[in-house]
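Can you walk me through this protein as if I had never looked at a structure before? Take it slowly, one part at a time.

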Amino acid sequence: MLNNKILIVEDEEKLAGLLKDFLEKSNFEISIVYRGDEVENWLLKNPTDLIILDLMLPGKDGIEICKSVRQNSNVPIIMATARVEEIDRLIGLEIGADDYICKPYSPREVVARVKAVLRRSALTKSSLVIDNDSQSEEAEENVLQLFSDKIKVKFNELTSELTKVEFNLLKKMVDHPGSIFSREQLMDSIYDHQHIVNDRTIDSHIKKLRKKLTKIGMDPNPIHSVYGLGYKFD
Ligand code: CA
């Protein structure tokens, strides 16, 4: 298996070096860029699986870099900032980073975050929502495909028709893999206007949906019930 390639963008050379050593011990392949204005050019030439991006950098700051990278790439980004209060502001700006970490951080913590973000991003790639059937009938291997126009799902060569409610439930969860949704949140997402429905209704739709996913060969089943909380797609 190929090692994940990680780019560290950090102007504090000592810190960057320390982080590099730690990540390399976890079998990541590490590159370092010390200036903000060199990042985009670097990314054009080097395939990258994740970026650890410092906020304050010479040349161009982390916010600007994150925004412009997002215009044509979904590469996972973990933003590092020196002030914890800064994190709320950054989230509010919706610059598109996948996670935030506060300095001083322990390299161990960064490694854990990197692994979690990479795992989430792999999950996102494991499912695909397709609006129009004509876009792709090419079956991608081991990718769950949701066809919005035909309200069906496809996994490898097998397809299953879904009801509108089942489709909306699945789509809601697929859009945020690994996130737990309460029954109430799921209800809100499937009905256009206020229906009187109870928890049992959701449970019964989920039960049918799980059956259909099993039938098209999804084993283990990706929909999990989380005791006392709700459901998640994982
Ligand atoms: Ca800095």
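**A walk through the model**

Of the 234 residues in this protein, 41% are buried. Keep in mind that what you're looking at is a predicted model. Its C-alpha atoms fill a box of roughly 55 × 40 × 30 Å, taken along the principal axes. Eight helices and eleven strands make up the secondary structure. Now think about contacts between residues at least 6 apart in sequence: 50% of them join residues at least 24 apart.

Let's begin with the calcium ion. Which protein donors does the calcium ion have? They are D11 (OD), D54 (OD) and M56 (O), and they lie 2.1 to 2.4 Å from the ion. Read along the chain, the spacing of these donors is D-x42-D-x1-M. D11 sits in the loop between β1 (5-9) and α1 (13-25), while M56 sits in the loop between β3 (50-54) and α3, so this pair ties together parts that are 45 residues apart in sequence. How open are these two to the outside? D11 is partly exposed, with a relative accessible area of 33%, and M56 is exposed, with a value of 63%.

Helix α3 also gives us a residue to look at: S68 is part of this helix. Is S68 buried or exposed? With a relative accessible area of 17%, S68 counts as buried, because the cut-off for buried is under 20%. If you set aside its neighbours within four places in sequence, S68 is in contact with E40 and K60.

Next, turn to helix α4, which covers residues 84-93. Its buried residues are E86, I87 and L90. These residues cover an arc of only 110 degrees around the axis, which puts them on the same side of α4.

How much space lies in the largest pocket? It's about 560 Å³. The pocket is lined by 13 residues, and the closest to its centre are D98, R120, S121, T124 and D175. Helix α5 (residues 107-125) gives the largest share of the lining, with five residues. Sorted by class, the lining has three nonpolar, five polar and five charged residues.

Most residues other than glycine have a negative phi, and most peptide bonds are trans. With that in mind, look at the bond from K103 to P104: this peptide bond is cis, with omega near -5 degrees. P104 belongs to the loop between β5 and α5. Another cis peptide bond joins D219 and P220, where omega is about 5 degrees. You can find P220 in the loop between α8 and β10 (223-226).

Then there are the positive phi values. I151 isn't a glycine, but its phi is positive, near 50 degrees. I151 lies in the loop between β7 (144-147) and β8 (152-155), and is partly exposed, with a relative accessible area of 22%. N156, not a glycine either, has a positive phi of about 50 degrees. Its place is the loop between β8 and β9 (158-161). N156 is partly exposed, with a relative accessible area of 25%.

Technical notes: Residues are numbered from 1 along each chain as its sequence is written. This is a predicted model: local features need pLDDT of at least 70, side-chain atom pairs count only at pLDDT 80 or more; totals for chains, interfaces and linings use all residues. Side-chain values use heavy atoms; hydrogens and water are left out. Buried means under 20% relative accessible area, exposed over 50%, partly exposed in between (1.4 Å probe, protein chains only). Helices (H or I, at least four residues) and strands (E, at least two) are DSSP runs, numbered from the N terminus. The arc is that of the directions from the helix axis to the C-beta atoms. Donors are N, O and S atoms within 2.8 Å of the metal (3.2 Å for Na, K and Ca); water is not among the atoms, so sites may look incomplete. On a 1 Å grid over the protein atoms alone, a cavity is a set of points where a 1.4 Å probe fits but cannot get out, and a pocket is an open set with protein on both sides within 12 Å along at least five of seven lines; lining residues have an atom within 4 Å of a point. Grid points are joined across faces, edges and corners, and a volume is the space filled by probe spheres set on the points. Ala, Val, Leu, Ile, Met, Phe, Trp, Tyr, Cys and Pro count as nonpolar, Asp, Glu, Lys and Arg as charged, and the others, Gly among them, as polar. Contact means heavy atoms within 4.5 Å.
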